Amino acid sequence: MSEGDIAEPLRGGSMQGSAHIVPFPAAPKQVSFDRAELQAILNLYGRMVAAGEWRDYAIDFLPDKAVFSIFRRTSEMPLYRIEKDPKLAKKQGAYSVIVSTGLILKRGHELARVLRVLDKPKVVSA
């Protein structure tokens, strides 16, 4: 096409046979923390960062569970994992705190009660 040529105008009309509409794929199902759960976890995380205990975190939303991983430093293994597994909600409880070795520290139906295992007691010196 040279400088003086006019481009052919777009043609309107029916879309029979000329275009195939592909629906946008649905997002895969995944488990996540709701706002209140995330607020409770981040409150604990903030206190521990202020105390110098923790430095980094990661959140994973998987098809079967949601995981909040806590790191002392950005390293290959998290210190703790806070997991929400809805399949266990009617059995042992949906929430659990797991140590890097895989040992479950606490499991239960209420997130606040499960998170208490990570809240270190205050030592009062006289």
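Predicted model: local features only at pLDDT ≥ 70, side-chain atom pairs only at ≥ 80, totals over all residues.
Residues are numbered from 1 along each chain as its sequence is written, and side-chain values use heavy atoms, leaving out hydrogens and water.

Next I looked up the strands around that pair. Strand S4 (residues 95–99) pairs with S5 in the antiparallel sense, over four bridges; two strands count as paired if DSSP finds at least two bridges between them.

Then I turned to the sheet. I found five strands in an open sheet, ordered S1-S2-S3-S4-S5, with antiparallel pairing. Strand S1 (56–61) and strand S5 (104–108) are the edge strands, each pairing on one side only. From one strand to the next, the twist averages 15°.

What packs on this sheet? I saw that helix H1 (residues 35–50) does, touching S1, strand S2 (66–71), strand S3 (80–84) and S4; contact means heavy atoms within 4.5 Å. The direction of H1 makes about 160° with that of S1 (axes are lines fitted to C-alpha atoms, for helices over the stretch in contact, and angles run from 0 to 180 degrees between N-to-C directions).

Last, I took in the whole protein. I listed two helices and five strands, running α-β-β-β-β-β-α from the N terminus on; these are DSSP runs, with at least four residues for helices (H or I) and at least two for strands (E). Of the 126 residues, 25% count as buried, meaning under 20% relative accessible area with a 1.4 Å probe, protein chains only.

Key. Buried < 20%, exposed > 50% of the residue type's maximum accessible area, 1.4 Å probe, protein only.
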